[in-house]
Number of protein chains: 2
Amino acid sequence: MTVPSLYSAIKSSDGKQKTIDNFASANPIFVCVISYTGTSQIPGITMAGGSSHLIAFTPAADAEFLYYGKCKCIPGVPVTPEGIPTPALITRAVLMKSKIASLIVDAGSKIKPVLPAISFDIKHGGNIIEEEGLCRSDSIKAFENGKLLGMQLALITDMVIIGESIPGGTTTALAVLTAFGIEAKFKVSSSMPVNPHELKNKVVDIALDKIDNLIQLRTDPLTLVSLVGDPMIPSAAGIACGAMSQGAKVMLAGGTQMTAVLCLLKALNVSLEKICIGTTSYVKNDESSDISYLVDCICDRVPILSIDLGLEYSNKEGLKSYKSGIAKEGVGAGGASIAATLKLGSHWTSRALLRTLEAEYENSIEKNLTHNQ
Amino acid sequence: MTVPSLYSAIKSSDGKQKTIDNFASANPIFVCVISYTGTSQIPGITMAGGSSHLIAFTPAADAEFLYYGKCKCIPGVPVTPEGIPTPALITRAVLMKSKIASLIVDAGSKIKPVLPAISFDIKHGGNIIEEEGLCRSDSIKAFENGKLLGMQLALITDMVIIGESIPGGTTTALAVLTAFGIEAKFKVSSSMPVNPHELKNKVVDIALDKIDNLIQLRTDPLTLVSLVGDPMIPSAAGIACGAMSQGAKVMLAGGTQMTAVLCLLKALNVSLEKICIGTTSYVKNDESSDISYLVDCICDRVPILSIDLGLEYSNKEGLKSYKSGIAKEGVGAGGASIAATLKLGSHWTSRALLRTLEAEYENSIEKNLTHNQ
């Protein structure tokens, strides 16, 4: 088996090596935005957390996993019903290996993580088929607090990576994209092996049907996002806006959810010169969604960087499954892996990555399984 | 009038230029810990906030001033009864001038600031003559959360500056120092022109009298601090400990309150090789307190860096008064000024500093006065 250098496993959607190098940083910072939308409680929308009552715990548990390698608000770690661990495992492993600092932003999480988190002081989001995604004042506050934070971070780093954990977030992302006139149906990804497009489309139709003056509202983006979005979207957009306003580069680390953030930034007339999306090849090449199409609809100059983590070569079943379309991405796993690889340089190989991930898997998942038996 | 370069206005307690240079950083980060102790409600203990019902607002207002140049939780800005503005004015001006990033830590503030703050999730502190300073579990949580934050910050910077805003904090600091066996009475400073030593000593005597097993408790420092201290002390100590554990330098930016933080670190056997105190010459040379004595009692190798801000040369009465012993220090003003000066280098003069401070004064204080008339 040939193990290529990991640097060569990073691709840019524009095919240019220069684009990848542009987003390299010796000292980036990773920000994980944890949030909640009541939309996640619609049966069949998400499998994050494994069962419906655990869904609300997933963002806090992901954040705790990042900091401690274990969770505090739940026993064990977040896994899918198939036993696939949260992508936070990947994020933690690569951030630690590359010594990239991480900060947790609590932007309307329902369960609070047991760790020092930056609070945006907003309420958790509602179920968009029944109520607004978040209240308008929280949408504005999330964006403004994000801006303030992003501006401070840009003083200490040239590159801010923004990841997220919000179960059900691809559905609210779909609603936001659709609200802004993008034909996003059947294009957003899912953490589940079979993408429940029909259900998501139906939820979005119901949510959008409640809005009378949709076209008009496109000129008031933060209000539109508050009606059918979730608290993560204006928060991440605010951080990106603030950081870029002070000259930093931004990587939106995630799958199709991050296109909703991009869409909001575009609607707010924020310059998109210094932003990219960073994700896994599992999202980029996913046949049940189309992140390239979504980004092109918003701004065709925004590159998508993707990394092939080579998880199919792992001897751990829980990691192998990423390749077969389960989990795929989340908690900024893809973007964090790209940033770590760009920071670590050429001596960091696919094999070294796999060893790092497997060691984390053994430490946090397998030990835990043994412990519980 | 000769205006010397500001670099030469920084002195180290050990007389060595090398010590000052050791704490220079091109990319430091400033952390402001805001907190509350019920001890501040004892009449005559503090003048922060100007009147007793405003005392609880001062930390939040200081933090807001740092980020916005104005306050949101109160009209106007925190001033002493004499009209002297909060030292946050100095901190904000020098941080902005030197482009040093700042983060706000909410470690038990009673009033929450309107900005994105890192929450340590602890309750505000009690009045130590009536109750414990904070509960034991919060003292531990404050330290642990501080450590986690400090460790992350050390990945992004080589130097963490820790400031504070907690009215009444010199009294709880005195109680902690005394509890650890240091003869600190008549040695702690005050933001008031006449230092109410007798009152502080009486408060501390009452607080310590309630503890049966004082000597024994010295081996359980976080418990001892919880009994007679305040939430800022274990929080700042935790941040310092975490940052230094990952190789960063730490500057405790403040007056005699910071010696209580140092005392806790020493009691916890944390190495004090990479830490200093950074303050104003107004505290260092204060005749009604003795920070040098306090530091020497704890660890004579910890340098005190102090800066002469030359405020007596200002044409603003509100700034001139610092020299005459009002306010003197707070919100990390001295340490932030030192770090800014070390970052900005030799072309940054006393005159430039004064212009920067006066501009901030005009923008935030004078405009506000005119506006209110």
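Start by selecting Ser119(B), which sits in strand 4 of chain B; strands here are DSSP runs of E with at least two residues, helices are runs of H or I with at least four, and both are numbered from the N terminus. Before you go on, know that this is a predicted model, where local features need pLDDT of at least 70 and side-chain atom pairs count only at pLDDT 80 or more, while totals for chains, interfaces and linings use all residues. Residues are numbered from 1 along each chain as its sequence is written, chains are lettered from A and ligands numbered from 1 in the order in which they are written, and side-chain values use heavy atoms, with hydrogens and water left out.

Is Ser119(B) buried, exposed or in between? With a relative accessible area of 23%, Ser119(B) is partly exposed; buried means under 20%, exposed over 50%, and partly exposed in between, using a 1.4 Å probe and protein chains only. Now show what Ser119(B) touches: leaving aside residues up to four places away in sequence, that is Leu115(A), Pro116(A), Ala117(A) and Asp106(B), where contact means heavy atoms within 4.5 Å.

A 180° rotation with 0.0 Å of shift along its axis puts chain A onto chain B, at an RMSD of 0.0 Å, superposed by least squares on the C-alpha atoms of residues with pLDDT of at least 70 in both. The two copies are thus related as by a two-fold rotation axis. The same surface serves both copies, as 100% of the contact residues of chain A recur in chain B. Which residue of chain A comes closest to the rotation axis? Select Ile118(A): its C-alpha is 2.0 Å away from the axis.

Back in chain B, pick Asp121(B), in the loop between strand 4 (117-119) and helix 4 (136-156). Asp121(B) has a positive phi of about 55° without being a glycine. Most residues other than glycine have a negative phi. Phe186(B) also goes positive, at about 70°, in the loop between helix 5 (169-179) and helix 6 (197-209) of chain B. Phe186(B) is partly exposed, at 43% relative accessible area.

Last stop: Ile74(A), in the loop between helix 3 (58-68) and helix 4 (88-98) of chain A. Ile74(A) counts as buried because its relative accessibility is 10%. Leaving out residues up to four places away in sequence, Ile74(A) touches Leu54(A), Phe57(A) and Ala61(A). The C-alpha atoms of Ile74(A) and Phe57(A) are 7.3 Å apart, with the two residues 17 apart along the chain.
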